[in-house]
Amino acid sequence: MKAMEPPAETAGEPARTLDGPAGHVGAPADPVGTASVDRRQRKARQTRHALATAAVDLILEHGLAATTVEAIAERADVTRRTFSRHFTGKEDAALDFVRGDGDRINALLRTRPAAEPPLLAYRRAVRDWLADREDPAWHLRPRMRRLLALVDREPALFAAYERIRVDAQEESIRILADRLGTDDVRDVRPAVVVDAAAGVLTAALRIWARRTDEHDSGAADLAALVERAYDALIGEAADAASRSTTEE
């Protein structure tokens, strides 16, 4: 008996296998499904931004104690349940910009040339973040300076700020450890560099937030202040190293 032959391919169509068209693994891409996912993600980002903005506005208008999660959700035109899907509390929502800036610094740190020393790589990542005019650092946007100053006066805000900052620095440590090809537990260099470099940035931001003269609140002023802060760290470290060598 003659063996049955597979059906002829339709002209213009690729041969199909159980895994889809020949040369492809799995089912063909679903552009409709991908677009739907993109829309949901974009909507989620918009909702998160609206909640964070509402939290900042209400806290600066009425104070932290008088601001409730329900009021934030109402200002953003979402439910209390939606708020809880994005944030753990009002402090977390108000400081979401800190988390976003940490993510951007780490993304820039990953792209720095491999030959750059770790401290210089972190410093230049911060410089590039501050120099971005298309998507300015949140610290440079309206009323962020007031919120940063409030962090020092409100223990709950300060605790939330520290949690977010530590999370970002942990990621920076992992990035530098990968760059150095080392273990961040056994090798102290990644943690030391990140704690020092991030500490410089934090110090500069706190000084900037405390200033009352609004004429120097722009990007150029903050960027210059951060550069001076890094120069101060490097100068003090060099002086300490020189004195240590001569005293021995």
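A salt bridge is counted here where a side-chain nitrogen of Lys or Arg lies within 4 Å of a carboxyl oxygen of Asp or Glu, and the side chains of Arg-243 and Asp-239 meet in such a bridge, with an N to O distance of 3.1 Å. The model is a predicted one, and a search of the whole structure finds 22 salt bridges together with one cavity of 30 Å³ or more.

**Salt bridges**

- Arg-243 and Asp-239 are separated by about one helical turn, because they stand four residues apart in helix α10, which covers residues 219-247; Asp-239 is partly exposed, with a relative accessible area of 35%.
- Salt bridges that share partners join Arg-112, Glu-116, Arg-124, Arg-127 and Asp-128 into one network.
- Asp-152 forms a salt bridge with Arg-210, with the closest N and O atoms 3.1 Å apart. Since Asp-152 lies in helix α7 and Arg-210 in helix α9, the pair ties together parts that are 58 residues apart in sequence.
- Of these two partners, Asp-152 counts as partly exposed at 31% relative accessibility, while Arg-210 counts as exposed at 52%.

**Nonpolar core**

- The largest nonpolar core holds 58 residues, and of these Leu-95, Val-126 and Leu-147 touch the most other members.
- Helix α9, residues 189-210, gives the largest share of this core, namely 10 residues.
- Leaving aside residues up to four places away in sequence, Leu-95 touches Leu-147, Val-151, Leu-157, Ala-160, Tyr-161 and Ile-164.

**Largest cavity**

- About 230 Å³ of space lies in the largest cavity, and 18 residues line it, of which Val-98, Gly-102, Ile-105, Arg-165 and Leu-201 lie nearest its centre.
- The elements that give two or more residues to the lining of the largest cavity are α5, α6, α8 (155-180) and α9, with α8 providing the largest share, six residues.
- By class, the lining of the largest cavity comprises 10 nonpolar, six polar and two charged residues.

**Largest pocket**

- The largest pocket has a volume of about 240 Å³, and its lining includes Arg-45, Arg-48, His-49, Asp-96, Asp-101, Arg-104 and Trp-138.
- The elements that give two or more residues to the lining of this pocket are α1 (31-62) and α5, and the largest share, five residues, comes from α5.
- Asp-96, one of the pocket-lining residues, is placed in helix α5, residues 96-110, and counts as buried because its relative accessibility is 14%, under the 20% limit.
- Not counting residues up to four places away in sequence, Asp-96 touches Arg-48, Ala-52 and Phe-87, and Arg-48 and Ala-52 are themselves among the residues that line the largest pocket.

**The loop between α6 and α7**

- Ala-137 is found in the loop between α6 (118-131) and α7 (144-153), and it is buried, with a relative accessible area of 0%.
- Although Ala-137 and Arg-104 are 33 residues apart along the chain, their C-alpha atoms are separated by 9.1 Å.
- Apart from residues up to four places away in sequence, Ala-137 touches Asp-101, Arg-104, Trp-129 and Leu-130, and among these contacts Asp-101 and Arg-104 belong to the lining of the largest pocket.

Terms used:
Residues are numbered from 1 along each chain as its sequence is written. This is a predicted model: local features need pLDDT of at least 70, side-chain atom pairs count only at pLDDT 80 or more; totals for chains, interfaces and linings use all residues. Side-chain values use heavy atoms; hydrogens and water are left out. A nonpolar core is a set of buried Ala, Val, Leu, Ile, Met, Phe, Trp, Tyr and Cys residues joined through side-chain atoms within 4.5 Å. Buried means under 20% relative accessible area, exposed over 50%, partly exposed in between (1.4 Å probe, protein chains only). Contact means heavy atoms within 4.5 Å. On a 1 Å grid over the protein atoms alone, a cavity is a set of points where a 1.4 Å probe fits but cannot get out, and a pocket is an open set with protein on both sides within 12 Å along at least five of seven lines; lining residues have an atom within 4 Å of a point. Grid points are joined across faces, edges and corners, and a volume is the space filled by probe spheres set on the points. Ala, Val, Leu, Ile, Met, Phe, Trp, Tyr, Cys and Pro count as nonpolar, Asp, Glu, Lys and Arg as charged, and the others, Gly among them, as polar.
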